[in-house]
Amino acid sequence: MTDTPVVLVLGGTGEARALAAGLVAENIPVISSLAGRVAEPRLPVGAVRIGGFGGAAGLRTWLRDNAIRVVVDATHPFASGISANAAAATHDLALPLVRLCRASWSPGDGDTWVRVPDIHSAARHLDGRQARVFLTTGRQDVDAFAENTSAWFLIRVVDPPQTAMPMHHTVIRSRGPYRLSDETALMREHGIDVLVTKNSGGDMTRAKLDAARTLGIEVVMVDRPSEPATRAVEDAEVAVGLVCDLLAGQR
């Protein structure tokens, strides 16, 4: 097979990196695209491009100009914009689109979850509460809590927020995966009584949910946005097999 990429992986997640590695192992030329929102991203094997495409139209042009044969959307479950663009662009070009997305989290025995539809609903849920909040939704959502003057926020991010911030806060920078013992110690140290997070799913950051259950901490869980209907799998190995079958069917 030619070395020119025939598969585009819209990445930035652990699943995307596993998929790229699996495709390279199968000698399938792949290029992974990262949005460029993290200063020092973890790079997958194979070719990599960083930056946006310019919406659905720009992505459509790029796919056509680069003779891409299969697209895999392996972006974060909350990257709804690029997922919509990928669905539109591949539909216009009649290209196969595979969605690789980790399974969502579900509450279990002992959990105290408040489910909300979006980040602004999470912010409203905290209005007027003198809570100590562990905010783990990412730096781009911090400004949704900027008008809160009653709560104190422990804000965990990879890169520093560049937005408005709540009046009372402390920022810590780190990148998962996280261990249950460390998450439990962190929440105890800061007297956390509310955890705010997105339903990202996966194992890399679920320790905070287990710690919250252990400590009896309320979890404000932001539900995932709706996604375009497409072929969807939850496992990178399964996605590799599906891509191989789709390419074989194009011969």
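Strand S7 (residues 132–135) and strand S10 (residues 194–198) run parallel and share 3 bridges. Within that pairing, Val133 sits opposite Val194 of S10. The model is predicted, local features need pLDDT of at least 70, side-chain atom pairs count only at pLDDT 80 or more, and totals for chains, interfaces and linings use all residues. Residues are numbered from 1 along each chain as its sequence is written, and side-chain values use heavy atoms, with hydrogens and water left out.

Helices (H or I, at least four residues) and strands (E, at least two) are DSSP runs, numbered from the N terminus. Two strands pair if DSSP finds at least two bridges between them.

**Sheet with S7 and S10**

- The open sheet has 6 strands in the order S6-S11-S10-S7-S8-S9, and its pairing is parallel.
- Its edges are strand S6 (113–116) and strand S9 (168–173), each of which pairs on one side only.
- From one strand to the next, the twist averages 20 degrees.
- Axes are lines fitted to C-alpha atoms, for helices over the stretch in contact, and angles run from 0 to 180 degrees between N-to-C directions.
- Helix H5 (residues 180–189) lies across S7, strand S8 (152–157), S9 and S10, and runs at about 150 degrees to S8.
- Helix H6 (residues 207–215) also packs on the sheet, where it touches S6, S8, S10 and strand S11 (218–222).
- The direction of H6 makes about 155 degrees with that of S10.
- Contact here means heavy atoms within 4.5 Å.

**Sheet with S1 and S12**

- Another open sheet of 6 strands has the order S3-S2-S1-S4-S5-S12, with parallel pairing.
- Strand S3 (47–50) and strand S12 (231–233) have a single partner strand each, so one side of each lacks a neighbour in the sheet.
- The twist averages 25 degrees from one strand to the next.
- Strand S5 (residues 97–100) pairs with S12 in the parallel sense over 3 bridges.
- Leu100 has Val233 in S12 as its bridge partner.
- H2 packs on this sheet and touches strand S1 (7–10), S2, S3 and S4, with its direction at about 150 degrees to that of S1.
- H7 packs on the sheet too, touching S1, S4, S5 and S12, and its direction makes about 145 degrees with that of S12.

**H1 against H7**

- The axes of helix H1 (residues 14–25) and helix H7 (residues 236–249) come within 9 Å and cross at roughly 45 degrees.
- That angle makes H1 oblique to H7 (under 35 degrees is roughly parallel, over 145 roughly antiparallel, 65 to 115 roughly perpendicular, and the rest oblique).
- H1 contributes Glu15, Ala18, Leu19, Gly22 and Leu23 to the contact, and H7 contributes Ala236, Ala239, Val240 and Val243.
- The residues of this contact divide into 7 nonpolar, 1 polar and 1 charged (Ala, Val, Leu, Ile, Met, Phe, Trp, Tyr, Cys and Pro count as nonpolar, Asp, Glu, Lys and Arg as charged, and the others, Gly among them, as polar).

**Backbone exceptions**

- Most residues other than glycine have a negative phi, and most peptide bonds are trans.
- Gly176 and Pro177 are joined by a cis peptide bond, with omega about 10 degrees.
- Pro177 lies in the loop between S9 and H5.
- Asn27 has a positive phi of about 60 degrees although it is not a glycine.
- The loop between H1 and strand S2 (30–34) holds Asn27.
- Ala67 has a positive phi near 55 degrees, and lies in the loop between helix H2 (55–65) and strand S4 (70–73).
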